[in-house]
Amino acid sequence: MQCEKAFQLGSYQVFVDEHMVVLNDEKVAAQPKVMELLQVLVTRYPQVVSRNELIELVWHGNEAVGEKALTNTIWQLRQLFANPKAPLDIVETIRKKGYKLTLAPSPLVQSAEQIASELTVNKNKLVSGWAMFTLIFGLLAYAVWSHFNTHSESQAAEQIDEITKMPGSELRPSPSPKGDKLAFIWQQGQQSQLYLKDLTHPNVPITQLTFSDKRPWKAVWSPDQQYLYFAQKNALSCDIVRLSLADLEQVILTPCPVDSGYNYIAISPDGKTLAFNGKAPLASQDGIYLLDLTKVDASPERLSCDVGCELRDRDMAFSPDGQYLAITQRKSTSEERLSLYHLGKKQFQVLDSSHADIVGMSFHPSGQYLVYGAQTADKRRGYIMDLEAKSQTKLSPRGFSYPQFDDEGNLYYQKRRENYFIASFTTQSDVISMPSPVIESHYSNQYPTFSHQHQKLAFLSNESGQYELWLADLDGSNREQITQLQRNLRYPMWSMQGEKLLVVSSDESDGNDKLYVFDYASKQLKRLDLRFGKIGRPFWHGNGQDIVIRQKTEKGFKLFKLHPDTLHLSQLTQKPARYGQFISDEVLLFVNNKGLWRQQGSNVELLLAQTKFNTRYAWYANQESVFYKHLGSDFNYIHAFNLTTGDDKKLLRLPKASFSKSAPFVYDAPSQTLLFTQSLTPQSDINRLSSAK
């Protein structure tokens, strides 16, 4: 229907832009969310709209807010049409399905002059068909439908379908070319395997395709749908394999890098060329390789730059005509470019360089559009790049990543929700207890560090859209943002005396990490313009003035003392070291791949071997104890190691997915309270936006 901005429901007139309902010239104002909700139900009439869809469209997928808010907003909507003069039961609850309008909306009768006036206003406001549909309907389904299809506007747009919603996380969807099957990774705890879902029979149980100790990453289909190609690896090896769907036989095609965090893969439209993230034995870094699948013993050929490269190629996707590769190129931790590479001419064209981290991409079958996900400060959004107009449009769903089209133009994507919060745990309680949230919101808060001198907790929060530095009292009250740098800061740490606070900025165009030092007394923030590349996780020297950073040497990583005024470096450790903490002026504890060490003068001793102390950063030390996280096979554990007696006590067991593996601990001795970063169990589901037929 074409009356989403002004329409009639029974005796009531509704004006969406004005947030107003009129009955017999009696005007009643409505809350914006009530109107947004009503607008969704109107555009979808007579369909039933699920609760999840309403939360996605009205509250942008924020379930923490939307679940309770939806119930309240439905109540407000019913009250809006409950005038005693003309009571109208406007919304029907369909048990276990959702909500729908009880009657059809009808357009308001307008004069020709009014219609012409509105069309003129809309023409000035709306600059494209995409913007028009976004404004009129406010629904992603309409937006993508209008962008990707050439059918008439009278056809009904499809809704967003939930394809998977299982325990754990369903990751990196890969629909078959015909759109009748879906391959995806199902992660439950630490177990990840490849599964297949029959989309033509949604009630048929999914099929497990892999049964290995190696974790698959992302699969791509052969054009005839007989094979899946993917990378799978464990701590010792990584292989690019071909899986036959007829008998689940696997054939290893070529090795892939074990030390790469991402194992991207793509296949050409004709099925003859496989592109993947690889690393030849003599290569200096990983990059994109091309493998000819038509030759039995073909060797992969490197496409990416290898020596003296400004950029590091990561992900790739073939265009539908096979002439181009879309490639993501990492410049730094704060910038990843999206480029188009012409395979024949061997030329790059930069499409976008405004994102810090691109998470998946796919060409629309027409070849005109490229859809991709991007992540900033643990928030994921989707974007559409019009390759002809060279324009970019943001998609509505939150958590959007790893999109993939089938040949019919149906778009599958991974919807991932992440939320971190600061939790506390009392170490000496007589009653077994669980951690309690200290700073928790629908934003992410993490990396706590505590000043005993000022009783102030410092932490990072993405409330502003970037991870900035904040302060709060130990109980989480009196929150205060103290940086406005519009950068994603990392690793805050108070000095041992609690007077100064350091934090790292990696979002730097020159590729060198920078340090900021906050003086609590003067409230001044000082920038240290370093030129030492990546410095790891800095911490304060025991003298309270100098800072310790990590540098790479010929014999591995070592720790160096940095004077903040002169920026002079002097080596602290002879043994390899990744991270450490001073527990006094002279005593340093540090960690490497052998375990936890104590260094005092020239004396260096191993305190806990790596089999026990198998974490790099999730630990805290004072003169009495070391609190640390032990990574178990099924759970994570918090231990307390007594530095005097050598006793090791297990304090707490937590699910792996709920506990940050890299965030540090903080301990407040007077209250015997341990603080650390926890997360809501990450949840990833797969959704589909269906193309109009």
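Biologist: So a polar contact is a pair of N or O atoms within 3.5 Å; within protein, one must be able to donate a hydrogen and the other to accept it, and residues adjacent in sequence count only if both atoms are side-chain atoms. With that in hand, which backbone nitrogen lies 2.9 Å from a polar atom of the side chain of asparagine 488?

Modeller: That's the backbone nitrogen of tyrosine 467. The asparagine 488 side chain also has a polar contact with the side chain of glutamine 466, at 3.1 Å.

Biologist: What sort of model are we looking at, and how are residues numbered?

Modeller: It's a predicted model, where local features need pLDDT of at least 70, side-chain atom pairs count only at pLDDT 80 or more, and totals for chains, interfaces and linings use all residues. Residues are numbered from 1 along each chain as its sequence is written, and side-chain values use heavy atoms, with hydrogens and water left out.

Biologist: Back to asparagine 488, then: where is it in the fold?

Modeller: Asparagine 488 is in the loop between β36 (480-481) and β37 (489-494). Strands here are DSSP runs of E with at least two residues, helices are runs of H or I with at least four, and both are numbered from the N terminus.

Biologist: Buried or exposed?

Modeller: Asparagine 488 counts as buried because its relative accessibility is 12%. Buried means under 20% relative accessible area, exposed means over 50%, and partly exposed is in between, using a 1.4 Å probe and protein chains only.

Biologist: What does asparagine 488 touch, leaving aside neighbours within four places in sequence?

Modeller: Its contacts (heavy atoms within 4.5 Å) are Thr376, Ala377, Gln466, Tyr467, Val504, Ser506 and Asp507. The C-alpha of serine 334 is 8.1 Å from that of asparagine 488, although the two are 154 residues apart along the chain.

Biologist: And what's around serine 334?

Modeller: Serine 334 is in the loop between β22 (324-332) and β23 (335-342). Not counting residues up to four places away in sequence, serine 334 touches His355, Ala356, Ser506, Asp507 and Glu508.

Biologist: New topic: aromatics. How many aromatic pairs does the structure hold?

Modeller: There are 22 aromatic pairs. Rings of Phe, Tyr and Trp (its six-membered ring) pair if their centres lie within 6.5 Å; planes under 30 degrees apart are stacked, over 60 edge-to-face, and the rest tilted. One of the pairs is tyrosine 579 with tryptophan 619, which is edge-to-face, with 5.7 Å between centres and 75° between the planes.

Biologist: Which strands does that pair link?

Modeller: Tyrosine 579 is in strand β45 (residues 579-582) and tryptophan 619 in strand β49 (residues 619-621), 40 residues apart. Both are in one aromatic cluster, along with Phe539, Phe582, Phe613, Tyr617 and Tyr628.

Biologist: Why does tryptophan 619 count as buried?

Modeller: Tryptophan 619 counts as buried because its relative accessibility is 0%. Tryptophan 619 is also among the residues with the most contacts inside the largest nonpolar core, together with Leu515, Leu589 and Val626.

Biologist: How many residues are in that core?

Modeller: 54 residues. A nonpolar core is a set of buried Ala, Val, Leu, Ile, Met, Phe, Trp, Tyr and Cys residues joined through side-chain atoms within 4.5 Å. Strand β46 (residues 587-592) gives the largest share of this core, five residues. Apart from it lies another core, of 32 residues, among them Leu38, Val49, Ile74 and Ala86.

Biologist: Which lysine has its charged end over the ring of tyrosine 637?

Modeller: Lysine 650, at 4.3 Å from the ring centre. The cut-offs are NZ of Lys or CZ of Arg within 6 Å of the ring centre and within 35 degrees of the ring normal. Arginine 172 lies over the face of tryptophan 217 as well, 4.1 Å from the ring centre.

Biologist: Last one: where is serine 684, and which side chain makes a polar contact with its side chain?

Modeller: Serine 684 is in strand β55 (residues 683-689), and its side chain pairs with that of arginine 416 at 3.0 Å. Serine 684 is buried, with a relative accessible area of 0%.

Biologist: And the protein overall, what percentage counts as buried?

Modeller: 53% of the 693 residues. The secondary structure comes to six helices and 55 strands.
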